[in-house]
Amino acid sequence: MLRRIVIAAVAVCALGTVHIQAQKNEFFRPKEVWNDTEGNPINAHGGGILYHKGTYYWYGEYKVGKTVLPSDATWERYRTDVTGVSCYSSKDLLNWKFEGVALKAIPDDPNSDIHPTQVLERPKVVYNKKTKKFVMWMHIDSPDYSKAEAGVAIADSPTGPFKYLDGFRPNGTMSRDQTVFVDDDGTAYQFSSPEEKYVRRFVGMAREAPAVFKHGNKYYMLSSGCTGWDPNSAELAVADSIMGEWTVLGDPCTGPDAEKTFYGQSTFVIPVQGKKNAFIACFDMWKKKDLQDSRYIWLPMMIDKQTNKITIPWHAEWNLDVFKKK
Ligand code: DGJ
């Protein structure tokens, strides 16, 4: 009997040390389930990437639980409760370690902007060199999307914890889908409306899901049309100065379902570190009736050496070697 107990104990100890290694990702496979280093699906929607001291950090909407259509909804505003903003870290952009929920929802305060009943979308984080703080900007809204504010949270570390400060309408104007871009001189710009100085662009046009990047001396903005969670055509615009004039270049996507952005919606453009002219266009493929299972479509941007024309061709499977071939 004693022997059996000893054997059982040894077996338990041995099991305790068994470490199930999640498979290493070798390729980007748009639309497929993308697992983190622990083997769980990455849950970071409407996300943004920060590169800081040799590591990429991916922040996104942590969508957990059932998707519902509120009974008073007059349009397809499917939702999950707000749980917070997740953070993942990576050195190679393919394998992401879950760092936890960097900004947590506040369930105890029904008046909080980030109470589970509210809307928190499209978080983007920038580093403020002067204050040494990590600053998260996000779309804050009421469940019917009438509040239309930008929310701000800060942290001392890229992985958080972030402390939510407040939400407001920058320059008194509505702010919904938003992104933040830091220029080479360290100045940060919020799209759709920044502090102090602001300009209205794309007046009379309905665009959302902005993703801004700089290539050469020009600023580019990728965006989508406004059709709720449903896909539409992407559009690229260019400007010599960040405050405009912006010129619409057209739809950069090519290949099957390009006119529907491959069933995705833009959220961010990543400049690949250590590579010249290498950018990744990141899209969400929303699953409106099961938002938690929404997928990611990351595709390389192709920049023609002679003409500088930017295209985003479909690839079912690819890795960063694609940039060597250009
Ligand atoms: C499209 C936006 O881009 C998303 O972030 C989200 O706000 C949905 N609309 C809601 O329908």
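Which element gives the most to the lining of the second largest cavity? It is β1, with 4 residues. The legends below take up the cavities in turn.

The structure is a predicted model, in which local features need pLDDT of at least 70, side-chain atom pairs count only at pLDDT 80 or more, and totals for chains, interfaces and linings use all residues. Residues are numbered from 1 along each chain as its sequence is written, and side-chain values use heavy atoms, with hydrogens and water left out.

**View 1. Cavities of the model.** There are 3 cavities of 30 Å³ or more. A cavity is a set of points, on a 1 Å grid over the protein atoms alone, where a 1.4 Å probe fits but cannot get out; lining residues have an atom within 4 Å of a point. Grid points are joined across faces, edges and corners, and a volume is the space filled by probe spheres set on the points.

**View 2. The largest cavity.** Its volume is about 130 Å³. Of the 17 residues that line the largest cavity, Lys63, Thr80, Val82, Leu120 and Glu121 lie nearest its centre. Strand β5 (residues 119-128) supplies the largest share of this lining, 3 residues; strands are DSSP runs of E, at least two residues, numbered from the N terminus.

**View 3. The second largest cavity.** This cavity has a volume of about 50 Å³. The elements giving two or more residues to its lining are β1 (45-52), β17 (279-285) and β18 (295-300). Among the lining residues are Gly46, Trp58, Thr267, Cys282, Asp284 and Trp298.

Conventions: 1 Å grid on protein atoms, 1.4 Å probe; cavity = no way out; pocket = protein on both sides within 12 Å on 5 of 7 lines; lining within 4 Å.
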